[in-house]
Amino acid sequence: MQDKIIIKEVLRYINVPYAKADDEIKMQIQATYKELKDIADIRYTYQKFALEKEAQQIGLKDTSLQIMTSDLSRVLKNCDEVYVLAATLGTQVDKKISAIQQTDMLKALLFNACANVLIESACDQVEREIMESLSEDRYLTMRYSPGYGDVPLNVQPELLRVLDTARKIGLTTTKAGMLLPIKSVTAFIGLSSIKEDRQKGCGECLIQGVCAYRRRGEKCGS
C-alpha cells in the first residue's frame, strides 16, 4: 500500500481530514505504521461454501452456521456460493497497543488506527488471491463482516469453528463474539455469476444520518 494511501486511511480512522494534517502527523503515521508492521504476525484463512438461502436466512451448506439477516441476504441475493475469511495481526499488536495506552495516548490512537488499516490491507490481500482464482464469469460482492448491520457478533464462535481458526491462525473468540486477538477480522464475500457493485454507497449505510465524513463532504472509503 502506498504511503499516501496509508496516511489518508489512518487519518480517516482518527477523524482528521487529510488537507488539515500537517507534515509532523504524517511522519508520525509513517513511523508508527512501520513499527506496527515489524511486530505484526499477519495470518489469514478462507474457505468457499455453497449457500443455503431461505427468506432472510443465510446458511453455509454442510455446516451448522445459520444467520437470520436481511442485510447480508441483500448482499448475497445473486450468489450461490460465499467465501468466509478470517484474518489477524497476532497477539503482539494487542499487547503493544495496551502498553502504549499506559504512557502515550496520542501514539496509542495512531497505533490503533494503523492496526485497523493493516488488518484491512490483509483482507484486501485475501480478496486479491480469491480474484486470481475466479473464472471470467464469476464475480465477488463487497466484503461484509459480523457486527455490521443486522449480522450479530454472536455468530463469531460458530464461524471460527467452521474455519478452524484456532488451529490455523490462532484466532479465537469470547462467547459474546469478541475476537481474540482483538485486531482481527472475519467477513463474508459472496460469489456471483452477475457483476456486483462492490462499493458500499452512502445511500445504503446505516449511519448516514450521523456520519462525520458526510458532514464535511467526504466519504469513509467503504
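Two strands pair if DSSP finds at least two bridges between them; strands (E, at least two residues) and helices (H or I, at least four) are DSSP runs, numbered from the N terminus. The model is predicted, so local features need pLDDT of at least 70 and side-chain atom pairs count only at pLDDT 80 or more, while totals for chains, interfaces and linings use all residues. Residues are numbered from 1 along each chain as its sequence is written, and side-chain values use heavy atoms, with hydrogens and water left out.

**The sheet**

Select the six strands that form an open, antiparallel sheet in the order β3-β2-β1-β4-β8-β5. At its edges lie β3 (66-68) and β5 (139-144), each of which pairs on one side only. From one strand to the next, the twist averages 30 degrees.

Next, select β4 (residues 79-88) and β8 (residues 184-192), antiparallel strands joined by nine bridges. Within this pairing, V84 has F188 of β8 as its bridge partner.

**Helices on the sheet**

Now display α5 (residues 105-133), which lies across β1 (43-54), β4, β5 and β8 and runs at about 140 degrees to β4. Angles run from 0 to 180 degrees between N-to-C directions, and axes are lines fitted to C-alpha atoms, for helices over the stretch in contact. Helix α6 (residues 156-163) also packs on the sheet, where it touches β1, β4 and β8 and makes about 110 degrees with the direction of β1.

**The α2 and α4 pair**

Select α2 (residues 23-39) and α4 (residues 91-101): their axes are 8 Å apart, at an angle of about 135 degrees. The two helices are therefore oblique to each other (under 35 degrees counts as roughly parallel, over 145 as roughly antiparallel, 65 to 115 as roughly perpendicular and the rest as oblique). E35, L36 and I39 of α2 meet Q92, V93 and K96 of α4, contact meaning heavy atoms within 4.5 Å.

**The nonpolar cores**

Remain at V93: leaving aside neighbours within four places in sequence, V93 is in contact with L36, I39, A40, F111, A115 and K183. V93 is also among the residues with the most contacts inside the largest nonpolar core, together with V10, I29 and L36; this core has 36 residues. A nonpolar core is a set of buried Ala, Val, Leu, Ile, Met, Phe, Trp, Tyr and Cys residues joined through side-chain atoms within 4.5 Å, buried being under 20% relative accessible area (1.4 Å probe, protein chains only). Its largest share, 13 residues, comes from α5.

Finally, select L51, L60, A86 and V155, which are included in a second, separate core of 25 residues.

Note on methods. Buried < 20%, exposed > 50% of the residue type's maximum accessible area, 1.4 Å probe, protein only.
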